[in-house]
Amino acid sequence: MRQSDWRGVLDVAGAAALEHLTSLPERPVLPAADHAAVRAALDRPPAADGIEPARVVGELARDLRPYLAAQAGGRYFGFVVGGLHPASFGAEILVSAWDQNAPMYAAAPGVAVVEELAAQWLVEVLGLPRRSSVGFVTGGQMASFTCLAAARHEVLRAVGWNVEADGLIGAPPVAVVVKTGAHATVLRALRFLGFGDRALLTIESDDQDRVRPDALDRALRTIDGPTIVAVECGNVNTGAFDDFAAVADLAEAHRAAGNPTWVHVDGAVMLLAAASPAMAGHVAGLDRLDSWSTDAHKLLNVAYDSGIAICRNAAAHRAAMSVHAAYLEQGAGARDPLDWVPEFSRRARGVSIYATLRSLGRTGLADLAERTTRLARRFAAALSDSGRAEIVNEVVSNQVLVRWLAPDGDHGRLADEVMAAVRAEGSAFFSGTTYRGERLMRVSVSDWATDDSDVDRAVESLLRHASAAITRP
Ligand SMILES: Cc1ncc(COP(=O)(O)O)c(C=O)c1O
């Protein structure tokens, strides 16, 4: 067998990785970068005769170092970005070294069983129906895609239509209900499944972008036939939880009236609340719904890219995803990962989840949801106490919406100025949103590494730059 300088590559990569990880607390959260400079630093076309791997890796690490964002550094509060749990980091190194193609047990038995166990533990720790099936995919969007494909299969199967065999053309109509404020990736997943944006029934949500049960009730009364409803566990703007018990009651009544019904929950932001006894009130009724998607790379702090699709109806999940080919070796007596995901060849994504779950334990998982919520509230209290800002949402989880109070009334402009100044300083990173027509700053606390001092340091920076922006002539 051809051998390589594995040690040389690992030494170079390991040293660069260690330098990156240990410098996270102090390095600029967002590097100063202009596109031309980044290209100039990295534009090293492959030479005719190639280059030794260790040298390439060393140069890559050196050239890219100035342009890496400290996303896992505890003060990256933009979008909804998780950090890197050390157990996941270690597992990812192994997964890369093992280079297992993991669609089938027969091809990669070890990692297939690791994923089988991670799937089982997740269902248990989230308190979901015991026989639920799980797929390990690339992120929240593909998790929603997977679950909604299962939903499409099942509601059509119930009226005698096989969508995998016969497609959608000529199929009985499926009504798909979403709320205003549903995440763009749920709409995109639906689009991929043949349910275009304009064909959806969009119902009004409340002032926290929660589904309004009365609006859902009214919408369901207009539907006669197969029905898919999408709700949310953790809104991207407000962090809010839908009223799952009310949604489950309405879905049950709709089903009892003869309409095949499937309710999907986009839990990208906060499905992990289901692991926390302290947050049980927010997720009452969640386990009565039909499918749940979440991101492992957000609150679970698994390395990118990693999402989880869970379905109560395993047969529907499998029917929507599975594929057979004569040259494969399927059904060798254990779970074949390809039955539960859209990918064919695939990285053994569940290994990192297995390691992170074991390292955190039940208490650690609950703590992730509870601590990030507590830190979001710390942000909210400090900013509103300052008199410089108002908190727009009810802070029930790890997301905060902030209105910076501009003396001239142009609050949106002030929000953008404050965020830009903090980014330029490198002390923290925040991103904005337009919520109900208003430009606001968002705070997302999703990194296991964030602590009180990170929040306090970020608040100090925000308030200093807000003062400067307000007093600037
Ligand atoms: C509520 C919600 N759903 C879905 C997603 C999509 O997740 P991913 O980016 O992992 O595909 C996000 C991402 O931020 C989200 O906030």
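Modeller: In this predicted model, Arg436 has 12 other C-beta atoms within 10 Å; a residue with 12 or fewer counts as exposed, and Arg436 is therefore exposed. Arg436 belongs to the loop that links β10 (431-435) and β11 (438-444). Its phi is near 50°, a positive value in a residue other than glycine.

Asp99 sits in the loop between α4 (86-98) and α5 (109-125), and with 9 other C-beta atoms within 10 Å it is exposed.

Another loop, between β6 (291-295) and β7 (307-311), holds Asp305. The peptide bond leading from Tyr304 to Asp305 is cis, with omega near 0°.

Turning to the helices, the axes of α6 (residues 140-157) and α11 (residues 314-321) come within 8 Å and cross at roughly 105°. The two helices are therefore roughly perpendicular to each other. On the side of α6, Thr146, Ala149, Ala150, Arg152, His153 and Glu154 make the contact, and α11 contributes Ala316, His317, Ala319, Ala320 and Met321. The residues of this contact comprise six nonpolar, three polar and two charged.

Finally, there is the ligand. The residues surrounding it include Gly139, Gly140, Gln141, His183, Asp266, Asp295 and Gly307. The shell as a whole divides into four nonpolar, six polar and two charged residues.

Technical notes: Residues are numbered from 1 along each chain as its sequence is written. This is a predicted model: local features need pLDDT of at least 70, side-chain atom pairs count only at pLDDT 80 or more; totals for chains, interfaces and linings use all residues. A residue is near a molecule or strand if its C-beta atom, placed from the backbone, lies within 6 Å of it. Ala, Val, Leu, Ile, Met, Phe, Trp, Tyr, Cys and Pro count as nonpolar, Asp, Glu, Lys and Arg as charged, and the others, Gly among them, as polar. Axes are lines fitted to C-alpha atoms, for helices over the stretch in contact, and angles run from 0 to 180 degrees between N-to-C directions. Helices (H or I, at least four residues) and strands (E, at least two) are DSSP runs, numbered from the N terminus. Angles under 35 degrees count as roughly parallel, over 145 as roughly antiparallel, 65 to 115 as roughly perpendicular and the rest as oblique. Two residues are in contact if their C-beta atoms, placed from the backbone, lie within 7 Å. A residue is buried if 20 or more other C-beta atoms lie within 10 Å of its own, exposed if 12 or fewer, and partly exposed in between; C-beta atoms are placed from the backbone.
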